[in-house]
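I opened this entry to keep track of what I looked up, item by item. The structure goes here first, and my notes follow.

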Amino acid sequence: MPRFSLIVPCFKVQGFLRECLDSVLGQSFGDFELIAVDDRSPDGCGAILDEYAERDPRVKVLHLPENVGLGRARNAGMPEATGDYLFFLDSDDTLTPGALRAVADRLAETDDPDVLVFDYARTYWWGGTRRNVLAEVLGEAGAGTFTVAEYPRILDLLMVVWNKVYRREFVAEHGFAFPPGYYEDTPWTFPVLLSARRIAALDRICLNYRQRRQGNILSTTSRKHFDIHDQYERVFAFVAERPELAHWRPYLHRKMGEHCLDILAKPDRLPPADRAEFFRRTAEMFRRHRPEGTPVDGETAVLTGSWTAYRLRRQAARAGREAARRADRTRRAAAARARTGWAGLHAHRPLDENLVVYSASSHRGVLGDPAAVYAAAREVAPWLRGVWVVRDAETAARLPSDVEHVVVGSRRYLEVTARAKFFVNDVNWPGALAKRPGSVHIHTHQGTPLKYLGADLLDKPGARLGFDVPQMLRRADRWDYSLVANRHSELVWERAYPCHFTSVRTGSPRNDVLVNGGACDFRERHGIPDGHTVVLYAPTRRDYRRGGHVDRIDLARFAADLGEGHTLVVRLHPSLANGPARGMGLAELARRGIVVDATDEPRAADVLLAADVLVSDYSSVMFDYANLDRPIVVHADDWPAFSASRGAYLDIRAEAPGHVAHSYRELAWLFASGGWRDEESARLRADFRERYCEFDDGRAAERVVRGLLLGEPMPWPAVRIPGQASAPDALTSA
C-alpha cells in the first residue's frame, strides 16, 4: 500500500501536463501511485498519459468515456486509490522539489491526522512567483494537531482542495465526494475541515499554483460563476444535517456573502448584463440562510439593500479612493517641497567636521563594514557623532537604544546629510543626495567580488534586469575612497566603477573580528550541542532564475548524510530572506530542528565564527571566511549556467579555497570520507588566503577611522599604488 495516491484530472492541458507529471515522478520520496484521469480531453493529454504509464509503473491512466468536469473526474480516480492519503493535484500545477518527503515527514510527526494543510506559491505566466499571503496561518498553527474549533484561522486560507492531503479512510468513512460544477472545491473543503477531528499544518511551499494567462475558468467571463450559489447551498445542507455543526452557520453565512461579493467585484468574472441578477440571487440567498439573531455588518451589509444601492456605494468608494490618491499626491508634493527647502537651508551652513553618517545594506541597520567602522570610531574618536540612516520606523525600532539614527527621506535625514563631513556606506546613497564640496564619501563595498558588478554588467542583460547601470555610476561618482582587502578587489572596483575615487588598501573592517577572534554565543543561542561539527551552507542568488532562488541542495538529505555529531546551519543570501525561498523547506526544517536557519542573524561574523566548515557556491562570504583558516568546500554544480548569466572575475573551480564538488554526490562523499579537511584542502586554503586576505590584518576599521576620518598617517597595508584615481591618499604612511 503506497503512502500517497495522487489523483490528477486532465483536460486540455497538454502544454503543461509533462511538467506536472515530471514534478511528481521526480520526487525524492517515491512511495506513491499516480492516478491520471483523462477527462475525455480533445487534445494530446491522453497520449501523453499513456506514454508516462508505459515507462513508469507508478502511473495508472483512466480514460473516461465522456467529459464529466474536474470534480467528477476526481471522483473517478478515488475508487482506484490504494494509498494512505489522497492528494488531488491539478494537471497544470507542479509539486516543488522535496514536497512529498516533507509531507510524509510531517504526517509521521503528527501521527497520521485526518487532513494536512500545506503552503503554496502562485507562479505567474510572466515568470513571477508570490507566496501565499496568509502563510503565517500555517506557521502559527503549532507543532501538533487541532480542529477548526480550536484553530479557526485555518479557515482563512484559500478554500481549495489541492493545498491539502486527506487520509483515505477518513474520506471513505464520511463519504466525501465532489459535486458537479465549477466551484466544486467549496462543498468539499468546508465539510472536510469541519468534520476532521485532527488537522495538521505544514509551513512549507509544496505546490506551485500556476496562474495562466487564459484558460482558467475562474478568470473567464461567463455565467458559469453563478455556480457558486449552488455550491454554497450544498454546504448549508451539509451543516443542516448535522446539529453539532450548527454553531458554524453564522461563519459560513458571512463567508458565502464575502465570496460572492468578491466574484461580483472582479471585472473579469461576470458579463456586465448579468451582474444585477448575480447580486439579487446572492442577496436572496444571504437573507434566506441568515441565522436568527445574527447581526449583519461590514462588507456583507450591502446584501441587505438593493442592486442600485450597491452600485452607488461602489461608485462612491471609487470616487473616494481617487480623491484620496489625489490628496496624497498633493501632500507628498508639498512635503517634498518643504523638505527641499529645509535641506537647502542647511546646505548654506558649514559642514560639521565631527558628523559621520552611516548606512549599510540599503539602510537595513547597523551591519557589515560600516558597523565595524562605527564601532571603531566610538572607541578611537568618541567625539565624532555617528548617525545611522535606516529605511523605516520598523528598522529603527530594532536598533540599540544608544544608536542615533534618522529615517531616509525624513526632515532630520535631510538635515544630517546636508551638514555631514563624512559618509560611510556599503551600497550607494540615494540619487537625491547632493554631495557638498568638502564632504568625504567612503565606500566600503560588501566583500571581495566574484560576480560581475557595476559597468561589467552592461554585457549581461539578464543580470542587470531592472538595474540602471548609468544611474549607479552617477551615484558612484560621489565616492572619494574605495576600500579594498586585496589587489584583486582593487583592480575590479577600478574597472567596474570607472569613477574618480582613491582605492585604499585598508582591508575589510567587518573581517577584523575574524582575524582577531571574538566572543560568539551563536552555538549557545541555537542549542547546538558541545562537540558538534557545525557545517555552514551559504548559497548565493542566481540570475538565470527570476527571483534568484534555486534549490541546489536537498537540505534534509544533506543534514541526514552528515550524520550524528554534525549540525547544518543555513544562511540564505540577504536578497532572498523575505521571498519564498525559506518557504520551500528551510523554515519547516528549522522548526523540526533538522537545520538551523541563520538567515536573520544580524551579524554575519557570529555565524562564521561558529562554523567549523563553510559550504558555499559562489558567495563572496568565502573570502571573508578564509580569514579564519578553516575548511571551505565549493559546491559548483551549475557553474556554466551561473557564469554565463552573471559573469565572474575568476573561475572559482580553478582558484578554489578548498575542494570543489561538481554534484551533490561528490559533496556528500567529501564529508563522508573526511576529504573536506585533508592536506590538499589546507594547501588550497593557504593559497587562497594569500591572494584574497592580503590586507586583512585585524586593524582595518581602526585604519579607516584614523586615516580617513581623523587624517592620521597609518602604516602598511594601507599603501596605494598609482591607479586611475587622482585624489590624495590619506592612508599613505608619513
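I count a residue as buried when its relative accessible area is under 20%. With that cut-off I looked at helix H3 (residues 70-77), where Gly71, Ala73, Arg74, Asn75 and Gly77 are buried. I then looked up what covers these buried residues of H3, and the cover includes strand S1 (4-10), S2, S3 and strand S4 (85-88). I note here that the model is a predicted one.

Entry on the whole chain. I find 26 helices and 22 strands in the protein chain. I looked up the extent along the principal axes, and the C-alpha atoms fill a box of roughly 90 × 65 × 45 Å. Of the 734 residues, 54% count as buried. Among contacts with a separation of 6 or more, 73% come from residues 24 or more positions apart.

Entry on S2 and S3. I checked how strand S2 (residues 32-38) meets strand S3 (residues 59-63): they run parallel and 5 bridges join them. One pair I noted is Leu34 with its bridge partner Val59 in S3. To get from S2 to S3 the chain passes through helix H2 (residues 45-55), and I recorded this β-α-β crossover as right-handed.

Entry on helix H4. In H4 (residues 99-109) I list Ala99, Leu100, Ala102, Val103, Ala104, Arg106 and Leu107 as the buried residues. Just after H4, I see that Asp111 has a positive phi of about 60 degrees.

Entry on the cores. Which residues have the most contacts inside the largest nonpolar core? I find Phe4, Ile154 and Trp188, in a core of 105 residues.

Entry on a helix pair. I took helix H8 (residues 227-240) and helix H9 (residues 249-265), which pack at an angle of about 175 degrees with their axes 11 Å apart. Angles over 145 degrees count as roughly antiparallel, so I put H8 down as roughly antiparallel to H9. On the H8 side, the residues making the contact include Ile228, Tyr232 and Phe236. On the H9 side, I noted Leu252, Met256 and Ile263 among them.

Entry on the six-stranded sheet. I traced an open sheet of 6 strands in the order S19-S18-S17-S20-S21-S22, with parallel pairing. Which strands are at the edges? They are strand S19 (596-597) and strand S22 (660-661), each pairing on one side only. Strand S21 (residues 632-635) pairs with S22 over 2 bridges, and Val634 has Val660 of S22 as its bridge partner. I then looked for helices lying across these strands. Helix H19 (residues 555-562) lies across strand S17 (533-538), strand S18 (566-570) and strand S20 (613-616), at about 155 degrees to S18. Helix H24 (residues 664-673) lies across S17, S20, S21 and S22, at about 165 degrees to S21.

Entry on Val403. I located Val403 in the loop between helix H13 (393-397) and strand S12 (405-407). Is Val403 buried or exposed? I put Val403 down as buried because its relative accessible area is 6%. Not counting residues up to four places away in sequence, Val403 touches Val366, Tyr374, Arg378 and Trp388. Trp388 is 15 residues from Val403 along the chain, and I find 7.5 Å between their C-alpha atoms.

Note on methods. Residues are numbered from 1 along each chain as its sequence is written. This is a predicted model: local features need pLDDT of at least 70, side-chain atom pairs count only at pLDDT 80 or more; totals for chains, interfaces and linings use all residues. Side-chain values use heavy atoms; hydrogens and water are left out. Two strands pair if DSSP finds at least two bridges between them. Helices (H or I, at least four residues) and strands (E, at least two) are DSSP runs, numbered from the N terminus. A crossover is right-handed if, with the strands pointing away from the viewer, the path from the first strand over the helix to the second runs clockwise. A nonpolar core is a set of buried Ala, Val, Leu, Ile, Met, Phe, Trp, Tyr and Cys residues joined through side-chain atoms within 4.5 Å. Buried means under 20% relative accessible area, exposed over 50%, partly exposed in between (1.4 Å probe, protein chains only). Axes are lines fitted to C-alpha atoms, for helices over the stretch in contact, and angles run from 0 to 180 degrees between N-to-C directions. Angles under 35 degrees count as roughly parallel, over 145 as roughly antiparallel, 65 to 115 as roughly perpendicular and the rest as oblique. Contact means heavy atoms within 4.5 Å.
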